[in-house]
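Me: I have a model open and would like to learn how to read it. Could you walk me through a few features, please?

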Amino acid sequence: FKPKGFSITEQKAVTLAEQFTLRHFKTFQNITKRECLGQRWKKKDGQAQNILDMIKLFNQTAKWVQVLILTQPSLHKRVKVMRLCVDIATYMKNFRNFSGSCAFHSA
């Protein structure tokens, strides 16, 4: 769903970084200590679902950045979007959202 007249490139990087950080934190806070033991996220028993959700969110974020950049119709717009993404990643790093920042940089 995209509101009429909405353009992601017209949004402030800090606002987008705040929203990504809130989404990442919501997922991160669900992770329990037990899920981190013995690489449980690699097992098929479903005992580390919250870690798997965090991994999925990381991958979705990176994919979103890739699609956002590659769907721009001109080089000028791609550069503008890439600058926005670097700014968002920098703000997320400052917000201590290292997962989100890395997802942006890895795209």
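Reply: Let's start in the loop between α1 and α2, where Gln 39 sits; helices here are DSSP runs (H or I, at least four residues; strands are E, at least two), numbered from the N terminus. This is a predicted model, so local features need pLDDT of at least 70 and side-chain atom pairs count only at pLDDT 80 or more, while totals for chains, interfaces and linings use all residues. Residues are numbered from 1 along each chain as its sequence is written, and side-chain values use heavy atoms, leaving out hydrogens and water.

Me: What is the phi of Gln 39?

Reply: Most residues other than glycine have a negative phi. Gln 39 has a positive value, near 50°. Its relative accessible area is 40%, making it partly exposed (buried is under 20%, exposed over 50%, partly exposed in between, with a 1.4 Å probe and protein chains only).

Me: Where is Arg 96 found, and is it buried or exposed?

Reply: Arg 96 lies in the loop between α3 and α4 (98-106). Arg 96 is exposed, at 67% relative accessibility, and its phi is positive too, about 65°.

Me: Which residues have the most contacts inside the largest nonpolar core?

Reply: A nonpolar core is a set of buried Ala, Val, Leu, Ile, Met, Phe, Trp, Tyr and Cys residues joined through side-chain atoms within 4.5 Å. The largest has 15 residues, and Cys 85, Ile 88, Met 92 and Phe 104 have the most contacts inside it. α1 (13-28), α2 (49-70) and α3 (75-94) each supply at least two core residues, with α3 giving the most, six.
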